[in-house]
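Hello,

Here is the structure you asked about. Please open it first, then read the notes below it.

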Amino acid sequence: RHYFPPYYATPLLRTEVAEEHPEVVDALNELAPLLTDEVMRELNYKVDEERQDPEKVAHEFLASQNLLKK
């Protein structure tokens, strides 16, 4: 029943980048709680099984969460 292992996504960011671009840290902190196991399974399925373009899948997810700049 535990076919799918938990998905522990961890963003890695160089200290220099975080210091020079704190907005990246803010964006990652906003995104992190949205990437649940269920969401990651769905996004991975679209890419791996449905052969959708990863960039398109990511864009659609970000748009659905109102995380894209206008």
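**Overall fold**

From the N terminus on, the elements of the protein chain follow the order α-α-α-α. Please keep in mind that this is a predicted model. The count is four helices and zero strands.

The protein chain has a radius of gyration of 14 Å, whereas a compact globule of 70 residues would have one near 11 Å. Along the principal axes, its C-alpha atoms fill a box of roughly 40 × 30 × 20 Å. Buried residues account for 9% of the 70 residues.

α3 covers residues 37–48. Its 12 residues should span 16 Å at 1.5 Å a residue, and the end C-alpha atoms are 16 Å apart, so the two values agree.

Which residues of α3 are buried? They are V39, M40 and L43. Looking down the axis of α3, the buried residues fall within an arc of 95°, so they line one face of the helix. α4 is included in what covers them.

These residues turn up again in the largest nonpolar core. It has five residues in all: V39, M40, L43, V57 and F61. α3 and α4 are the elements that give two or more residues to this core. α3 provides the largest share, with three residues. As background, nonpolar side chains in soluble globular proteins tend to be buried together.

V57 is worth a click. Leaving aside neighbours within four places in sequence, V57 is in contact with L43, K46, V47 and Q52.

**The loop between α3 and α4**

Q52 sits in the loop between α3 (37–48) and α4 (54–64). What does its side chain pair with? A polar contact of 2.6 Å joins it to the side chain of E50. Not counting residues up to four places away in sequence, Q52 touches K46, V47, V57 and E60. K46 and V47 are also among the contacts of V57.

**The loop between α2 and α3**

A32 lies in the loop between α2 (22–31) and α3. A32 and A9 are 23 residues apart along the chain, and their C-alpha atoms are separated by 8.2 Å.

**Where to look**

Start with the core residues V39, M40, L43, V57 and F61. Then turn to Q52 and its polar contact with E50. Finish at A32, in the loop between α2 and α3.

Best wishes

Technical notes: Residues numbered from 1 in each chain as written. Predicted model: local features only at pLDDT ≥ 70, side-chain atom pairs only at ≥ 80, totals over all residues. Heavy atoms only, no water. Polar contact = N/O pair within 3.5 Å; in protein donor to acceptor, adjacent residues only side chain to side chain. Contact = heavy atoms within 4.5 Å. Expected span 1.5 Å × (residues − 1). Buried < 20%, exposed > 50% of the residue type's maximum accessible area, 1.4 Å probe, protein only. Arc of directions from axis to C-beta. Core = buried A, V, L, I, M, F, W, Y, C linked by side-chain atoms within 4.5 Å. Rg over C-alpha atoms; globule rule 2.2 N^0.38 Å.
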